[in-house]
Amino acid sequence: MGAGLTYGQLDEASTRLARAIVASGIGIGDRVAYQVDKSVATVVLHLALLRCGAIQLPLNPSYADAEVDALLADAEPSLVIRSPGRSPLGGPWRLLTMDAMGHGSLRDIMSEGSDELPAVTADDGAALLYTSGTTGRPKGALLSHGNLAANAQTLVDAWRFTPSDVLLHILPLFHTHGLFVAAHCVLTSGASMVLLPTFDIDEILAALPSCSVVMGVPTHYTRLLTDERFTAAACARVRLFVSGSAPMTQATHAEFTARTGAEILERYGMTETSMLASNPLAGPRRPGTVGPPLPGVSIRTVDEADRPVMAGQVGDVQVRGPNVFSGYWRRPELADESFTTDGWFRTGDLGRFDDDGYLELVGRSKDLVITGGLNVYPTDVESVLDSLPGVVESAVVGLPDPDFGERVVAVVVANPEIRLEPEVLREAARSRLAGYQVPKEIVVMKSLPRNVMGKVEKAALRNELVERES
Ligand code: AMP
């Protein structure tokens, strides 16, 4: 763990850096990209860019230069900041290193000058986040200061953050989850955070006794559960565990509660909208759901004609609220497919509300399997498979089929001590699923392909399965 900063120091450092960035010629609406390792300095830079009205592009440090090039070509930044030691990245922008020392670093611009900060308004662009898992031309979601402020204040209220909270920060700082959920809850409420650069179980166990809130993706929690030092005593001070970015299995919820006595609070959001729904802080949390819409956020589930469907029926999830972005960067042609004429954003998720208004997500609409004309929602099948003895987790996809159009195929990950027989699993699933939902084939794999936020990469999985067949 590195050195800490007080709020006074954070304020002073980010103001000084913001003034220097403005003096270097960056104005409101100019893009500034940064591809830097996670550290307290990243938080300073993030705040400095918010203060000077620039539109910031936080980039995943593990992106290769070719990926970064594609995003920079789209965003056209005036300034690019990278961690030291990376290869120089040529382009019509000024390139600086994050290093506090040496030529061409952020420190250099500090000595170049210091200007007054501009007046930034709620409608000004604050961040350009490229959506994860895109194929083809990158799509940058432009979030305004108003969007970010609305999201942060809603979460602080919903999860009752106070200055005495200490958040264990184990998420990346280039994604909405780590930046606009975790870090902004802390900064908006005057709480503290312990910033860990990577997911390291030893460091987490050392920090946990002083923390009151943990936010993570489901994989973080399953990894913690593999360590027997992770006990109720180890997290005695933690009042709130939040999970999101990917679905958490009912089994993980149950195992977590059995081990720690705590119930994980699952919430739902996305890059374009920040947070949308959350299980309640006080009140029943329902595993397998993401809770009701957050205050101020409207969520509806609709049919193909954008007409709301009844509770219990699956529909496309559409959302509205002060947290929802206004469109993709320089992609006006996407406006019609992204928003309805009356302003609802089409999330691309499928879900159903229960009678109490809790939302259950059943998969991305592009992952819906249509077999013989019938819809199979992946999570309906996955939750049955996950509950079978010996299954750790599963993923269901549709593969091309000459008879059915698509056929349901499941990949399951087995508990290492148990040998899973696909036919036995199919038989067991048959008693709990309709015939057309039962996977035609079950493939046992060691692990599922996941991205950095713990999401199963279904497109990659489909390709792998198709390749195996050919
Ligand atoms: P991203 O833009 O990378 O944050 O991804 C957003 C997507 O992650 C959403 O549209 C959902 O498909 C998925 N997602 C987020 N939170 C959850 C959750 N709690 N359960 C299931 N899927 C989730």
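1. Helices α8 and α9. In this predicted model, helix α8 passes helix α9 in a left-handed crossing. The two axes, of α8 (residues 218-225) and α9 (residues 250-260), come within 11 Å and cross at roughly 45°. The pair is therefore classed as oblique, α8 to α9. On the α8 side the contact involves Tyr221, Thr222, Leu224 and Leu225, and these meet Thr252, Glu255, Phe256 and Arg259 of α9. Sorted by class, the α8 contact with α9 holds four nonpolar, two polar and two charged residues.

2. Helices α1 and α2. Helix α1 (residues 7-23) and helix α2 (residues 40-51) have axes that come within 8 Å, with a crossing angle of roughly 55°. α1 and α2 are therefore oblique to each other as well. The crossing of α1 over α2 is right-handed. From α1, the contact uses Leu10, Asp11, Ala13, Ser14, Thr15, Leu17, Ala18 and Ile21; from α2, it uses Val43, Val44, Leu45, Leu47, Ala48, Leu49 and Arg51. The class count for this contact of α1 with α2 is 11 nonpolar, two polar and two charged residues.

3. Helices α5 and α6. The axes of helix α5 (residues 145-158) and helix α6 (residues 176-189) are 9 Å apart, and the helices pack at an angle of about 75°. Because an angle from 65 to 115 degrees counts as roughly perpendicular, α5 and α6 receive that description. α5 contributes Leu148, Asn151, Ala152, Gln153, Leu155 and Val156 to the contact, while α6 contributes Phe180, Val181, His184, Cys185, Thr188 and Ser189. The contact of α5 with α6 has seven nonpolar and five polar residues, and no charged residues.

4. The six-stranded sheet. Six strands make up an open sheet with mixed pairing, and their order is β8-β7-β9-β10-β11-β12. At its edges are β8 (192-195) and β12 (274-278), each of which pairs on one side only. On average, neighbouring strands of this sheet are turned by 30° against each other, ignoring direction. Within the order, strand β9 (residues 213-216) and strand β10 (residues 240-243) run parallel and are joined by four bridges. As a reference position for this pair, Gly216 is placed opposite Ser243 of β10.

5. The β15-β16 hairpin. Strand β15 (residues 345-353) pairs with strand β16 (residues 359-364) in the antiparallel sense, over five bridges. Arg352 is set opposite Glu360 of β16. The two strands, β15 and β16, form a hairpin that has five residues between them. In the turn, Gly357 has a positive phi of about 85°.

6. The three-stranded sheet. A further open sheet consists of three strands in the order β19-β20-β21, again with mixed pairing. Its edges are β19 (391-401) and β21 (441-445); each has a single partner strand, so one side of each is left without a neighbour in the sheet. From one strand to the next, the twist averages 25°. Strand β20 (residues 405-414) is paired with β21 in the parallel sense, and five bridges connect them.

7. Which helices lie across β19, β20 and β21? Helix α11 (residues 378-386) lies across these strands and runs at about 140° to β19. Helix α12 (residues 422-430) also lies across β19, β20 and β21, where its direction is at about 125° to β21.

8. Domain division. The protein chain is split into domain 1 (7-120), domain 2 (149-317 + 348-364) and domain 3 (368-469). How far apart do the C-alpha centres of domain 1 and domain 3 lie? The separation of these two centres is 44 Å.

Methods: Residues numbered from 1 in each chain as written. Predicted model: local features only at pLDDT ≥ 70, side-chain atom pairs only at ≥ 80, totals over all residues. Heavy atoms only, no water. Axes fitted to C-alpha atoms, helices over the stretch in contact; angles between N-to-C directions. Parallel < 35°, antiparallel > 145°, perpendicular 65-115°, else oblique. Left-handed = near helix turned anticlockwise from the far one by under 90°. Contact = heavy atoms within 4.5 Å. Nonpolar A, V, L, I, M, F, W, Y, C, P; charged D, E, K, R; others polar. Pairing = 2+ DSSP bridges. Domains from an automatic or database assignment.
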